[in-house]
Amino acid sequence: MGSDCRVGFFWGKAVKIFISWSGPRSEALAGALREWFPLVLHYVEPWLSKSDIQAGERWSVEIAKELEACNFGVICLTRENVGAPWILFEAGALAKSMQDGRVIPILLDLDVKDVSGPLAQFQA
């Protein structure tokens, strides 16, 4: 399957989901989602930096490639990372087009009212 996540399962192709995380608890949630998504959504190819960047690859280049290709992302938010620079950067990159970009925050130990700033624009 290609890396263009802008095409949906309606056309028989996989949808790549960029999973964003920062910190140990967020990383654990992201890893669980990476394993779970294909079990319940067979047309989904989750992408997680911790698992999908090979040894020796430049992580910044690989993340930039995936952010450019994808219009769908899941942001794993916790109290510790709700304002983390990389979380905000990745959310903004995924939402590069307000018409095409989809970002879904998954809240772990947070309430919707705890999310403010740029992340508050995404329906959790």
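Figure 1. With a relative accessibility of 32%, aspartate 109 counts as partly exposed; here buried means under 20% relative accessible area, exposed over 50%, and partly exposed in between (1.4 Å probe, protein chains only). The model is predicted: local features need pLDDT of at least 70, side-chain atom pairs count only at pLDDT 80 or more, and totals for chains, interfaces and linings use all residues. Residues are numbered from 1 along each chain as its sequence is written, and side-chain values use heavy atoms, with hydrogens and water left out. Aspartate 109 lies in the segment that follows strand E4 (102–107). Helices (H or I, at least four residues) and strands (E, at least two) are DSSP runs, numbered from the N terminus. Although aspartate 109 is not a glycine, its phi is positive, at about 65°.

**Figure 2. Salt bridges of arginine 25.** A salt bridge is a side-chain nitrogen of Lys or Arg within 4 Å of a carboxyl oxygen of Asp or Glu. Side chains of opposite charge can pair when their charged atoms come close. Arginine 25 forms a salt bridge with aspartate 109, in which the closest N and O atoms are 2.1 Å apart. Because aspartate 109 lies in the segment after E4 and arginine 25 in helix H1, this pair ties together parts that are 84 residues apart in sequence. Arginine 25 also meets the side chain of glutamate 80 in a salt bridge (3.1 Å, N to O). Glutamate 80 belongs to the loop between strand E3 (72–77) and H4, whereas arginine 25 lies in helix H1 (residues 24–40), so the pair ties together parts that are 55 residues apart in sequence. Arginine 25 is partly exposed, with a relative accessible area of 35%, while glutamate 80, at 58%, counts as exposed.

Figure 3. Which residue forms a salt bridge with glutamate 27? The partner is lysine 50, and the closest N and O atoms are 3.4 Å apart. Glutamate 27 is in helix H1 and lysine 50 in helix H2 (residues 49–52), so the pair ties together parts that are 23 residues apart in sequence. Glutamate 27 counts as partly exposed at 25% relative accessibility, and lysine 50 is exposed, with a relative accessible area of 56%. A search of the whole structure finds 10 salt bridges.

**Figure 4. Lysine 16 in strand E1.** Is lysine 16 buried or exposed? Lysine 16 has a relative accessible area of 9% and is therefore buried. This residue is found in strand E1 (residues 15–20). Its side chain makes a polar contact with the side chain of glutamate 66 (3.1 Å). A polar contact is a pair of N or O atoms within 3.5 Å; within protein, one must be able to donate a hydrogen and the other to accept it, and residues adjacent in sequence count only if both atoms are side-chain atoms.

**Figure 5. Aromatic ring pairs.** Rings of Phe, Tyr and Trp (its six-membered ring) pair if their centres lie within 6.5 Å; planes under 30 degrees apart count as stacked, over 60 as edge-to-face and the rest as tilted. By this rule, there are 4 aromatic pairs. The ring centres of tryptophan 36 and phenylalanine 37 lie 5.7 Å apart with their planes at 45°, so this pair is tilted. Tryptophan 36 is partly exposed at 43% relative accessibility, whereas phenylalanine 37, at 8%, is buried. For tryptophan 86 and phenylalanine 89, the ring centres are 5.2 Å apart and the planes stand at 85°, so the pair is edge-to-face. Both of these residues, tryptophan 86 and phenylalanine 89, lie in helix H4 (residues 85–94), 3 residues apart, about one turn of the helix. Tryptophan 86 counts as partly exposed at 41% relative accessibility, as does phenylalanine 89 at 47%. Ring pairs link Trp86 and Phe89 with Trp59 into a cluster.

Figure 6. Cysteine 70 counts as buried at 0% relative accessibility, and cysteine 76 is buried with a relative accessible area of 0%. A disulfide is a pair of cysteine sulfur atoms within 2.5 Å; by this rule, the count of disulfides is 0.
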